Amino acid sequence: MSTQEISKNFKNVEEKELHPISGGLMLILVLAMYAAAIGLAVYGGVTIEVGKNGILGGILIAGGIILLITAFIFSCGFHILKPNEELVMTFFGKYYGTIKKDGYYFVNPFVSEYNPASGAMQQTFELTSGSGEIVKNSAAVAQTTRKKISTKTQTLKNDKQKVNDVLGNPIIIGSVVIWRVAEPTKAVFNVENYKEFLSIQCDSVIRNIARMYPYDNMEDEADEKSLRGSSQEIAESMRKELQEKVIEAGLEIKEVRITNLAYSDEIAAAMLQRQQAVAIIAARQKIVEGAVSMVKMAIDQLGEEEIVVLDEERKAAMVSNLLVVLCGNKDAQPIVNSGSIY
(Lines give C-alpha, C1' and ligand atoms only; values in the text may rest on other atoms or scores of the structure.)
Protein backbone atom coordinates (compact mmCIF):
# COMPACT_ATOMS: atom_id res chain seq x y z
CA MET A 1 0.00 0.00 0.00
CA SER A 2 1.39 3.39 -0.98
CA THR A 3 1.80 6.27 1.42
CA GLN A 4 -0.91 8.20 -0.46
CA GLU A 5 -3.43 5.40 0.08
CA ILE A 6 -2.51 5.13 3.76
CA SER A 7 -2.90 8.87 4.20
CA LYS A 8 -6.49 8.74 2.86
CA ASN A 9 -7.47 6.24 5.55
CA PHE A 10 -7.00 8.83 8.29
CA LYS A 11 -9.42 11.62 9.12
CA ASN A 12 -7.01 14.52 9.04
CA VAL A 13 -7.71 18.18 9.63
CA GLU A 14 -7.47 19.93 6.30
CA GLU A 15 -4.50 22.27 6.41
CA LYS A 16 -5.17 25.94 5.82
CA GLU A 17 -2.27 28.32 5.27
CA LEU A 18 -2.53 31.71 6.94
CA HIS A 19 -1.31 34.91 5.33
CA PRO A 20 -1.24 37.36 8.25
CA ILE A 21 -0.48 41.05 7.94
CA SER A 22 2.96 42.48 8.54
CA GLY A 23 3.91 42.82 12.18
CA GLY A 24 5.89 46.01 11.55
CA LEU A 25 2.85 48.10 10.56
CA MET A 26 0.78 46.78 13.46
CA LEU A 27 3.65 47.45 15.87
CA ILE A 28 3.58 51.14 14.90
CA LEU A 29 -0.20 51.17 15.41
CA VAL A 30 0.02 49.50 18.83
CA LEU A 31 2.74 51.90 19.97
CA ALA A 32 0.54 54.78 18.84
CA MET A 33 -2.34 53.29 20.86
CA TYR A 34 -0.15 53.09 23.96
CA ALA A 35 0.91 56.74 23.49
CA ALA A 36 -2.68 57.84 22.92
CA ALA A 37 -3.88 55.93 25.98
CA ILE A 38 -1.26 57.55 28.18
CA GLY A 39 -2.05 60.97 26.66
CA LEU A 40 -5.79 60.60 27.28
CA ALA A 41 -5.26 59.47 30.86
CA VAL A 42 -2.89 62.33 31.60
CA TYR A 43 -5.09 64.93 29.93
CA GLY A 44 -8.16 63.63 31.75
CA GLY A 45 -6.35 63.84 35.07
CA VAL A 46 -5.26 67.40 34.36
CA THR A 47 -8.81 68.33 33.39
CA ILE A 48 -10.20 67.00 36.66
CA GLU A 49 -7.44 68.65 38.69
CA VAL A 50 -8.00 72.13 37.33
CA GLY A 51 -11.73 71.69 37.76
CA LYS A 52 -12.71 72.51 34.23
CA ASN A 53 -14.98 69.53 33.60
CA GLY A 54 -14.94 66.52 35.89
CA ILE A 55 -17.22 64.45 33.65
CA LEU A 56 -15.05 65.05 30.59
CA GLY A 57 -11.93 64.21 32.58
CA GLY A 58 -13.46 60.96 33.76
CA ILE A 59 -14.46 60.04 30.23
CA LEU A 60 -10.95 60.76 28.99
CA ILE A 61 -9.39 58.63 31.72
CA ALA A 62 -11.82 55.78 31.04
CA GLY A 63 -11.09 56.04 27.33
CA GLY A 64 -7.36 55.95 28.02
CA ILE A 65 -7.75 52.82 30.17
CA ILE A 66 -9.86 51.11 27.50
CA LEU A 67 -7.34 52.06 24.83
CA LEU A 68 -4.50 50.80 27.02
CA ILE A 69 -6.24 47.45 27.53
CA THR A 70 -6.93 47.22 23.79
CA ALA A 71 -3.28 47.94 22.99
CA PHE A 72 -2.21 45.28 25.49
CA ILE A 73 -4.54 42.73 23.87
CA PHE A 74 -3.22 43.61 20.44
CA SER A 75 0.32 43.10 21.74
CA CYS A 76 -0.44 39.39 22.13
CA GLY A 77 -0.97 39.01 18.39
CA PHE A 78 2.69 39.37 17.32
CA HIS A 79 4.62 36.30 16.24
CA ILE A 80 8.12 35.76 14.86
CA LEU A 81 8.95 32.76 12.69
CA LYS A 82 12.48 31.78 11.72
CA PRO A 83 13.37 29.86 8.54
CA ASN A 84 12.18 26.23 8.57
CA GLU A 85 9.61 26.91 11.27
CA GLU A 86 5.81 26.74 11.13
CA LEU A 87 3.12 27.70 13.60
CA VAL A 88 -0.26 25.98 14.03
CA MET A 89 -3.00 28.29 15.41
CA THR A 90 -6.31 27.52 17.10
CA PHE A 91 -9.25 29.82 17.83
CA PHE A 92 -11.19 28.79 20.96
CA GLY A 93 -10.43 25.12 20.38
CA LYS A 94 -10.97 25.10 16.62
CA TYR A 95 -8.27 24.91 13.98
CA TYR A 96 -7.61 28.42 12.69
CA GLY A 97 -4.70 27.95 10.27
CA THR A 98 -0.97 27.44 9.88
CA ILE A 99 1.68 30.10 9.31
CA LYS A 100 4.24 28.52 6.99
CA LYS A 101 6.55 31.40 6.03
CA ASP A 102 9.23 32.99 8.15
CA GLY A 103 8.85 36.63 9.17
CA TYR A 104 7.29 39.00 11.70
CA TYR A 105 3.49 38.80 11.69
CA PHE A 106 0.37 39.99 13.44
CA VAL A 107 -2.64 37.70 13.80
CA ASN A 108 -5.87 37.74 15.74
CA PRO A 109 -4.77 38.22 19.38
CA PHE A 110 -7.37 35.71 20.56
CA VAL A 111 -5.78 32.99 18.44
CA SER A 112 -3.43 30.72 20.39
CA GLU A 113 -0.44 28.62 19.36
CA TYR A 114 -0.92 24.87 19.55
CA ASN A 115 1.76 22.22 19.92
CA PRO A 116 1.11 19.38 22.40
CA ALA A 117 4.74 18.21 22.08
CA SER A 118 6.04 21.44 23.61
CA GLY A 119 7.03 21.35 27.26
CA ALA A 120 7.59 17.58 27.15
CA MET A 121 10.44 16.48 29.35
CA GLN A 122 12.97 13.90 28.29
CA GLN A 123 11.54 10.46 28.96
CA THR A 124 13.08 7.03 29.37
CA PHE A 125 11.18 4.13 27.87
CA GLU A 126 11.72 0.64 29.29
CA LEU A 127 11.40 -2.17 26.77
CA THR A 128 11.54 -5.88 27.51
CA SER A 129 13.80 -7.93 25.27
CA GLY A 130 13.15 -11.48 24.15
CA SER A 131 15.28 -12.84 26.99
CA GLY A 132 13.41 -10.83 29.62
CA GLU A 133 16.05 -8.16 30.10
CA ILE A 134 14.88 -4.56 30.50
CA VAL A 135 16.34 -2.28 27.83
CA LYS A 136 16.05 1.49 28.27
CA ASN A 137 15.68 3.96 25.42
CA SER A 138 16.15 7.58 26.43
CA ALA A 139 16.49 9.01 22.93
CA ALA A 140 12.85 9.90 22.59
CA VAL A 141 11.69 13.34 23.66
CA ALA A 142 13.81 16.40 24.17
CA GLN A 143 12.75 19.13 26.57
CA THR A 144 11.28 22.13 24.81
CA THR A 145 8.88 24.96 25.60
CA ARG A 146 8.59 26.29 22.06
CA LYS A 147 5.19 26.23 20.43
CA LYS A 148 6.69 26.64 16.98
CA ILE A 149 7.22 23.45 15.01
CA SER A 150 10.60 22.99 13.41
CA THR A 151 10.62 21.50 9.91
CA LYS A 152 14.40 21.07 9.95
CA THR A 153 15.99 17.66 9.49
CA GLN A 154 16.46 16.04 12.90
CA THR A 155 18.13 12.93 14.28
CA LEU A 156 16.62 10.34 16.59
CA LYS A 157 19.17 8.05 18.21
CA ASN A 158 17.67 4.72 19.15
CA ASP A 159 19.69 3.22 22.01
CA LYS A 160 21.01 -0.33 21.92
CA GLN A 161 18.41 -2.99 22.59
CA LYS A 162 18.44 -6.76 22.78
CA VAL A 163 16.46 -8.59 20.11
CA ASN A 164 16.26 -12.22 19.00
CA ASP A 165 17.02 -12.78 15.32
CA VAL A 166 15.13 -15.26 13.13
CA LEU A 167 17.27 -18.13 14.49
CA GLY A 168 16.56 -17.15 18.09
CA ASN A 169 20.04 -15.81 18.76
CA PRO A 170 20.04 -12.77 21.08
CA ILE A 171 21.70 -9.79 19.42
CA ILE A 172 22.32 -6.16 20.35
CA ILE A 173 21.13 -3.66 17.75
CA GLY A 174 21.04 0.13 17.67
CA SER A 175 20.03 2.61 15.00
CA VAL A 176 19.69 6.27 14.13
CA VAL A 177 16.74 7.82 12.26
CA ILE A 178 17.00 10.93 10.08
CA TRP A 179 13.57 12.59 9.99
CA ARG A 180 11.65 15.86 9.68
CA VAL A 181 8.16 17.21 10.18
CA ALA A 182 6.62 17.42 6.72
CA GLU A 183 3.05 18.36 7.69
CA PRO A 184 2.85 20.25 11.01
CA THR A 185 -0.95 20.24 11.06
CA LYS A 186 -1.03 16.44 11.11
CA ALA A 187 1.80 16.34 13.64
CA VAL A 188 -0.12 18.33 16.26
CA PHE A 189 -3.67 17.10 15.67
CA ASN A 190 -3.34 13.42 14.72
CA VAL A 191 -1.09 12.29 17.59
CA GLU A 192 -0.60 13.49 21.15
CA ASN A 193 3.16 13.89 20.96
CA TYR A 194 4.76 13.30 17.59
CA LYS A 195 8.30 12.96 19.01
CA GLU A 196 7.28 10.30 21.49
CA PHE A 197 5.16 8.64 18.80
CA LEU A 198 8.15 8.46 16.45
CA SER A 199 10.41 7.02 19.14
CA ILE A 200 8.02 4.22 20.08
CA GLN A 201 7.29 3.35 16.45
CA CYS A 202 11.04 3.26 15.75
CA ASP A 203 11.55 0.71 18.54
CA SER A 204 8.71 -1.40 17.20
CA VAL A 205 9.96 -1.38 13.61
CA ILE A 206 13.56 -2.24 14.51
CA ARG A 207 12.45 -5.17 16.64
CA ASN A 208 10.05 -6.41 13.97
CA ILE A 209 12.58 -6.25 11.12
CA ALA A 210 15.44 -7.69 13.19
CA ARG A 211 13.35 -10.78 13.97
CA MET A 212 12.93 -11.51 10.26
CA TYR A 213 16.63 -12.01 9.44
CA PRO A 214 19.57 -13.95 10.87
CA TYR A 215 22.55 -12.09 12.26
CA ASP A 216 24.85 -13.81 9.75
CA ASN A 217 24.45 -16.28 6.90
CA MET A 218 25.09 -19.97 7.41
CA GLU A 219 27.40 -21.73 4.98
CA ASP A 220 24.51 -23.22 2.99
CA GLU A 221 22.46 -20.00 2.96
CA ALA A 222 24.91 -17.60 1.37
CA ASP A 223 22.26 -16.06 -0.91
CA GLU A 224 19.88 -15.06 1.89
CA LYS A 225 19.91 -11.61 3.48
CA SER A 226 21.42 -11.16 6.93
CA LEU A 227 21.65 -8.27 9.37
CA ARG A 228 25.42 -8.13 9.03
CA GLY A 229 25.80 -8.78 5.32
CA SER A 230 22.78 -6.83 4.03
CA SER A 231 22.64 -3.94 6.47
CA GLN A 232 21.86 -1.32 3.81
CA GLU A 233 18.95 -3.27 2.31
CA ILE A 234 17.53 -4.04 5.74
CA ALA A 235 17.91 -0.41 6.84
CA GLU A 236 15.92 0.61 3.76
CA SER A 237 13.22 -1.89 4.73
CA MET A 238 13.16 -0.31 8.19
CA ARG A 239 12.80 3.13 6.65
CA LYS A 240 9.86 2.12 4.47
CA GLU A 241 8.00 0.38 7.29
CA LEU A 242 8.65 3.24 9.71
CA GLN A 243 7.44 5.75 7.09
CA GLU A 244 4.16 3.86 6.77
CA LYS A 245 3.66 3.91 10.52
CA VAL A 246 4.36 7.63 11.06
CA ILE A 247 2.70 9.07 7.95
CA GLU A 248 -0.38 9.62 10.11
CA ALA A 249 1.69 12.06 12.18
CA GLY A 250 2.88 14.01 9.14
CA LEU A 251 6.51 12.92 9.52
CA GLU A 252 9.00 12.16 6.75
CA ILE A 253 11.63 9.49 7.35
CA LYS A 254 14.66 10.28 5.23
CA GLU A 255 17.00 7.52 6.33
CA VAL A 256 17.47 4.75 8.89
CA ARG A 257 21.00 3.57 9.69
CA ILE A 258 22.08 0.60 11.80
CA THR A 259 24.77 2.00 14.10
CA ASN A 260 25.42 -1.00 16.34
CA LEU A 261 25.13 -4.72 15.65
CA ALA A 262 26.66 -7.49 17.74
CA TYR A 263 25.86 -10.78 19.40
CA SER A 264 24.72 -10.57 22.99
CA ASP A 265 27.36 -11.18 25.65
CA GLU A 266 26.07 -14.63 26.64
CA ILE A 267 26.66 -16.11 23.17
CA ALA A 268 29.35 -13.80 21.79
CA ALA A 269 32.22 -16.14 22.73
CA ALA A 270 30.54 -19.20 21.20
CA MET A 271 29.72 -17.34 18.00
CA LEU A 272 33.30 -16.10 17.78
CA GLN A 273 34.54 -19.69 17.94
CA ARG A 274 32.07 -20.62 15.21
CA GLN A 275 33.31 -17.81 12.98
CA GLN A 276 36.90 -18.86 13.62
CA ALA A 277 36.06 -22.45 12.73
CA VAL A 278 34.42 -21.36 9.48
CA ALA A 279 37.47 -19.26 8.62
CA ILE A 280 39.86 -22.14 9.40
CA ILE A 281 37.85 -24.56 7.25
CA ALA A 282 37.78 -22.10 4.37
CA ALA A 283 41.53 -21.53 4.66
CA ARG A 284 42.23 -25.28 4.78
CA GLN A 285 40.08 -25.79 1.72
CA LYS A 286 42.14 -23.26 -0.22
CA ILE A 287 45.39 -24.85 1.00
CA VAL A 288 44.31 -28.35 -0.05
CA GLU A 289 43.17 -27.12 -3.47
CA GLY A 290 46.52 -25.43 -4.01
CA ALA A 291 48.48 -28.45 -2.74
CA VAL A 292 46.65 -30.86 -5.05
CA SER A 293 47.30 -28.57 -7.99
CA MET A 294 51.03 -28.33 -7.13
CA VAL A 295 51.38 -32.12 -6.70
CA LYS A 296 49.70 -32.77 -10.04
CA MET A 297 51.96 -30.23 -11.73
CA ALA A 298 55.07 -31.81 -10.17
CA ILE A 299 54.13 -35.34 -11.24
CA ASP A 300 53.24 -34.20 -14.78
CA GLN A 301 56.54 -32.35 -15.22
CA LEU A 302 58.57 -35.27 -13.89
CA GLY A 303 56.82 -37.60 -16.30
CA GLU A 304 57.04 -35.31 -19.32
CA GLU A 305 60.73 -34.52 -18.89
CA GLU A 306 61.50 -38.14 -17.85
CA ILE A 307 63.59 -36.97 -14.94
CA VAL A 308 62.37 -39.81 -12.76
CA VAL A 309 60.22 -42.72 -13.84
CA LEU A 310 57.87 -43.65 -11.04
CA ASP A 311 55.47 -46.53 -10.82
CA GLU A 312 52.02 -46.15 -9.28
CA GLU A 313 53.19 -47.14 -5.81
CA ARG A 314 56.02 -44.55 -5.86
CA LYS A 315 53.66 -41.91 -7.20
CA ALA A 316 51.25 -42.57 -4.33
CA ALA A 317 54.10 -42.26 -1.81
CA MET A 318 55.29 -39.04 -3.45
CA VAL A 319 51.76 -37.58 -3.43
CA SER A 320 51.38 -38.45 0.23
CA ASN A 321 54.69 -36.86 1.17
CA LEU A 322 54.06 -33.69 -0.83
CA LEU A 323 50.59 -33.25 0.64
CA VAL A 324 51.96 -33.63 4.15
CA VAL A 325 54.61 -31.00 3.45
CA LEU A 326 52.29 -28.56 1.69
CA CYS A 327 49.30 -28.91 4.05
CA GLY A 328 51.19 -29.13 7.35
CA ASN A 329 51.08 -26.36 9.94
CA LYS A 330 54.79 -26.70 10.76
CA ASP A 331 57.91 -26.56 8.65
CA ALA A 332 58.93 -29.94 7.21
CA GLN A 333 62.11 -31.65 8.43
CA PRO A 334 63.75 -33.07 5.28
CA ILE A 335 65.42 -36.49 5.33
CA VAL A 336 68.14 -37.05 2.78
CA ASN A 337 68.01 -40.52 1.23
CA SER A 338 71.54 -41.57 0.21
CA GLY A 339 70.43 -44.86 -1.21
CA SER A 340 68.17 -45.90 -4.06
CA ILE A 341 64.46 -45.25 -3.87
CA TYR A 342 64.00 -48.78 -5.20
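Q: How many bridges pair β11 with strand β12, and in what sense?
A: Eleven bridges join β11 and β12 (residues 251–263), and the pairing is antiparallel. Two strands count as paired if DSSP finds at least two bridges between them. Strands are DSSP runs of E with at least two residues, helices are runs of H or I with at least four, and both are numbered from the N terminus.

Q: What kind of model is this, and how are residues numbered?
A: The model is predicted: local features need pLDDT of at least 70, and side-chain atom pairs count only at pLDDT 80 or more, while totals for chains, interfaces and linings use all residues. Residues are numbered from 1 along each chain as its sequence is written, and side-chain values use heavy atoms, with hydrogens and water left out.

Q: Back to β12. Which residue there stands opposite Trp179?
A: Ile253 in β12 stands opposite Trp179.

Q: What about β10 and β11?
A: Strand β10 (residues 154–164) runs antiparallel to β11, with nine bridges between them. Lys157 has Val176 in β11 as its bridge partner. The hairpin of β10 and β11 has five residues between the strands, and Gly168 there takes a positive phi near 90 degrees.

Q: Is β11 mostly covered or mostly open?
A: Mostly covered: in β11 (residues 170–181), eleven of the twelve residues are buried. Buried means under 20% relative accessible area, exposed means over 50%, and partly exposed is in between (1.4 Å probe, protein chains only).

Q: Switching to charges. How many salt bridges are there?
A: The count is six, where a salt bridge is a side-chain nitrogen of Lys or Arg within 4 Å of a carboxyl oxygen of Asp or Glu.

Q: Which residues form a network?
A: Glu15, Glu86 and Lys100 are linked in a network of salt bridges. The closest N and O atoms are 3.4 Å apart for Glu15 and Lys100, and 3.0 Å apart for Glu86 and Lys100. Glu86 lies in strand β3 (residues 85–91) and Lys100 in the loop between β4 and β5, so their pair ties together parts 14 residues apart in sequence.

Q: Are those three buried or exposed?
A: Glu86 is buried at 10% relative accessibility. Glu15 is partly exposed at 37%, and Lys100 is partly exposed at 26%.

Q: What does Glu236 pair with?
A: Glu236 forms a salt bridge with Arg239, at 3.0 Å from N to O. The two are three residues apart in helix α6 (residues 231–246), so about one helical turn separates them.

Q: And aromatics, how many pairs?
A: Nine aromatic pairs. Rings of Phe, Tyr and Trp (its six-membered ring) pair if their centres lie within 6.5 Å; planes under 30 degrees apart are stacked, over 60 edge-to-face, and the rest tilted.

Q: Why is the pair of Phe91 and Phe92 called edge-to-face?
A: The planes of Phe91 and Phe92 are at 70 degrees, so the pair is edge-to-face, with the ring centres 4.7 Å apart. Phe91 is partly exposed at 31% relative accessibility, whereas Phe92 is exposed at 65%.

Q: Which rings form a cluster?
A: Phe74, Phe78, Tyr104 and Phe106 are linked into a cluster by ring pairs.

Q: Last one. How many disulfides?
A: Zero across the whole structure, a disulfide being a pair of cysteine sulfur atoms within 2.5 Å. As for cysteines, Cys202 is buried at 1% relative accessible area, and Cys76 is partly exposed at 42%.
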